[in-house]
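Colleague: I'm new to this one. Could you put it on the screen and let me ask you things as we go?

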2 protein chains.
Amino acid sequence: MSTALDDLRAALPADAVVTDPDRLTARAQDGSATPPSGDPLALVLPAGTAEVSAVLRIAHAHRVPVVPQGLLSGLAGGANAVPGAILLSTERMTAIHRIDHVDQVAVVQPGVVTKDLVDAVAAEGLFYPPDPASYAISTIGGNIATNAGGMRCVKYGVTRDFVRALEVVLADGTVIRTAPGTVKAVAGLDLTGLMIGSEGTLGVVTEATLGLLPAPGPDRGVAATFDSITAALEASNALIAGAHRPSTLEFIDGVVLTALAAHDPEAGLPVGAQAMLIAITDVPGDAGLADVAAYRRIAEEHGALAVDVAHDPERLHQLMRARRALNPAMRAIRGGSINEDVAVPRTRLPELLDRIADIAAQSGLPIGTGGHVGDGNLHPVIAYDPADQAQVAAAHEAHDRILGLAVELGGTVTGEHGIGVEKRGALPGELSARVLDIQRGIKDVLDPLGILNPGKKL
Amino acid sequence: MSTALDDLRAALPADAVVTDPDRLTARAQDGSATPPSGDPLALVLPAGTAEVSAVLRIAHAHRVPVVPQGLLSGLAGGANAVPGAILLSTERMTAIHRIDHVDQVAVVQPGVVTKDLVDAVAAEGLFYPPDPASYAISTIGGNIATNAGGMRCVKYGVTRDFVRALEVVLADGTVIRTAPGTVKAVAGLDLTGLMIGSEGTLGVVTEATLGLLPAPGPDRGVAATFDSITAALEASNALIAGAHRPSTLEFIDGVVLTALAAHDPEAGLPVGAQAMLIAITDVPGDAGLADVAAYRRIAEEHGALAVDVAHDPERLHQLMRARRALNPAMRAIRGGSINEDVAVPRTRLPELLDRIADIAAQSGLPIGTGGHVGDGNLHPVIAYDPADQAQVAAAHEAHDRILGLAVELGGTVTGEHGIGVEKRGALPGELSARVLDIQRGIKDVLDPLGILNPGKKL
């Protein structure tokens, strides 16, 4: 009888089935700190839907686990290898099949890098809003797998809001389409939404029909510093309450501000403040200028220490580049970091940040928090020395306490990174036993043998 | 042994269990033309989650079907009675528990009339965008059951885009929450999305956390007439291609225009044109005026016969009131009507409308089409004399042909009304056998006895 590897080699081009241990090791772990749970069997590099279908038929027949992978920018271990798995990479599936002005859609393969799509549609005067911080190194397939967020969600929403329809290969190799790709469609249950954020446990996305918008105006905005987190949060609430809704509204606390200033001196970040807000508008023309004036006024009314008005997109991009370095800048403090992704209702942000400060004090570790304050979605980063076992233990205890805190405040342990393997322990705290049962039931309907990304998400 | 009715009477207040045949008959059929498939057992009027849970525990124990109902404005038979069913009305569940400015959410019971919610949040300077044509007589629960659309989808999206989380009573009476209610949340699978549009087949929504926005500016816009459908569609594409995206973009063809002018003479609709577009902006201030100027210019560039510029919201509301009478105005022509709800990619609209004209000619019946052209979601209405059996047969044949045409053009048989009972026959044309199997599998996970709205949707 043939093995799974035999069958893969018979079904795919020779260079599309990789068993070289070095190449497998390089693909075994995503951007999280969690090591893979075992060695994979092979890496496969299908070029399209038919080859993905062949891989899954073979995996299904041999009951071999399959781990879908993009470019491994994930932060929760969702793309980590599991023992004996086929790593199914989308790296050869980078075609942009269609960009249409009238339908305002792009039809793409899942391996397209998010930034490549953003640039390709921008060249046609169109706009794909989702912009996770990793967008230069993440793929559309990975964004769909985690329902990725980003900086612009406060105005435009998350990845789910821009996915019209998916082509998906099921665990047994069957190819389905979830929806027709129209703006509105209610004939079926929302299988598109079900796939989005399912982290590769329900099917492998092989094509996505994505909604686009006309190109917005240039980015203009303000960066304002405050002498208290409370003042910054009140300013943040005022910024989204009115007629001048920002397209981006980011928060950085004093710990992160200091870390970023050290990490990226060219950005010229002020230090010494307790908090910073960056508010950006992408409304064109005079209306955008009025937005910027409103942001400045609101910051000043809330006692801003300084307001840096940037009518120049370059200055904003410099600030945002610095902001995107949240994780490496915090990690640089002590060599190790755990990056959280909690979200709470905006009304609970003051308590969240107060109690994170308490947790930091009790742990003896620096915890810096930055993120998408307009969405209530923040990234506390716990810095620790990985060589110091006491600090490692304290970091993990602080991590667990922050996850529990988010749920206690009516929120979630993950707003945009996903559960992966890292946060599975927190699921029973957030989701009821019955919801977990329903999720496993749905998994059984779509993947009865449990071969798709086992040990993740659910 | 007690009967289901005994148990319902023991569990609910006396006036919350109704068996009077007249009252049951009044609740047996929604706004569709399809009669119910049989007589219900009882109507129950629970006041809250605990009573809904009690009803479902009893129904589950006795294996009695349950049909969730709002105010019966549905157009596909989704709320129609089935033999021996408990009609579960949300009419007593009209509480608006909370409207919060900082979180920009409303937490409501499902029986709240959509317009009442819109008015309540507007009184607080907030905005709930979804506005199905039925919004004065539909409920939030019904909107969620069908993922209702409306006039403003072209800018704001559908009901799903404004639902953050749901409390749902499952078929066995268990109460779950689908999500924490934060802007972003990816810990679980998207059970919120799964419930939305499921037409009461997967659970009964007892509370919804809805996202809100700051109040927009006043409605201002233009109504433009054209001497060809082609010119109107090209103008429509130009209207949404640029920086002046309308909040509403409606299309009315010449047949509908004539019918509406007869039905609502006060609206002063022009007759004789082949098509009309109504484009509205809700952007405040000078930017909104610039939008209106752009709409006028675009209409004129596309050869508009006349452009009625309405800076006065009252004039626009008059036009929109006339537009909302699409169904009754068309029905008035011959006494009977079938109202379609197809959606196609915008690129396919010219062919859709061309071929509907062919179908009308071949059927010998007036078919008028109006609707949400910016979303590619149109409502062809077939007018016929219900006393003339040949016309009845021709109308149903035309109906089937239009549904098939929408699918052939890469679209859907229903953009916003749902499948109900009326369109179940069209499902195998639109959804693959495997997708239908998956849907039934998910139904089995959530409702293994099949008591929730049997014979609908799936």
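Colleague: How close do the axes of H16(A) and H16(B) come, and at what angle do they cross?

Modeller: Keep in mind that this is a predicted model. We're looking at helix H16 of chain A, residues 433-446, against helix H16 of chain B, residues 433-446. Their axes come within 9 Å and cross at roughly 150°.

Colleague: Are H16(A) and H16(B) roughly parallel or roughly antiparallel to each other?

Modeller: An angle over 145 degrees counts as roughly antiparallel. The crossing here is at roughly 150°, so H16(A) and H16(B) are roughly antiparallel.

Colleague: Now inside chain A: in what order do the strands of the open sheet come?

Modeller: The sheet has four strands with mixed pairing. Strand S1 (17-18) and strand S3 (66-69) of chain A are the edge strands, each pairing on one side only. The order in chain A is S1-S2-S4-S3.

Colleague: What is the bridge partner of A:Val66 in S4(A)?

Modeller: S3(A) and strand S4 of chain A, residues 86-89, pair in the parallel sense over four bridges. For A:Val66, the partner in S4(A) is A:Ile86.

Colleague: And in chain B, what is the bridge partner of B:Val44 in S4(B)?

Modeller: Chain B has an open sheet of four strands in the order S1-S2-S4-S3. Strand S2 (residues 42-44) and strand S4 (residues 86-89) of chain B run parallel and are joined by three bridges. In S4(B), B:Val44 has as its partner B:Leu88.

Colleague: What angle does H3(B) make with S4(B)?

Modeller: H3(B) lies across S2, S3 and S4 of chain B. Its direction runs relative to S4(B) at about 165°.

Colleague: How is H1(B) oriented relative to H3(B)?

Modeller: Helix H1 (residues 4-11) and helix H3 (residues 49-62) of chain B have axes that come within 10 Å and cross at roughly 165°. The contact is made by B:Ala4, B:Asp7, B:Leu8 and B:Ala11 of H1(B) with B:Ala54, B:Val55, B:Ile58 and B:His62 of H3(B). Those residues divide into six nonpolar, one polar and one charged. Because of that crossing angle, H1(B) is to H3(B) roughly antiparallel.

Colleague: One last pair: how many charged residues are in the contact of H13(B) with H14(B)?

Modeller: Helix H13 (residues 349-363) and helix H14 (residues 389-408) of chain B pack at about 160°, with their axes 10 Å apart. Among the residues that meet are B:Arg355 of H13(B), and B:Arg401 and B:Glu408 of H14(B). The contact divides into seven nonpolar and two polar residues, and the charged ones number three.

How values were computed. Residues numbered from 1 in each chain as written. Chains lettered and ligands numbered in written order. Predicted model: local features only at pLDDT ≥ 70, side-chain atom pairs only at ≥ 80, totals over all residues. Heavy atoms only, no water. Pairing = 2+ DSSP bridges. Helix = DSSP H or I, 4+ residues; strand = E, 2+ residues; numbered from the N terminus. Axes fitted to C-alpha atoms, helices over the stretch in contact; angles between N-to-C directions. Parallel < 35°, antiparallel > 145°, perpendicular 65-115°, else oblique. Contact = heavy atoms within 4.5 Å. Nonpolar A, V, L, I, M, F, W, Y, C, P; charged D, E, K, R; others polar.
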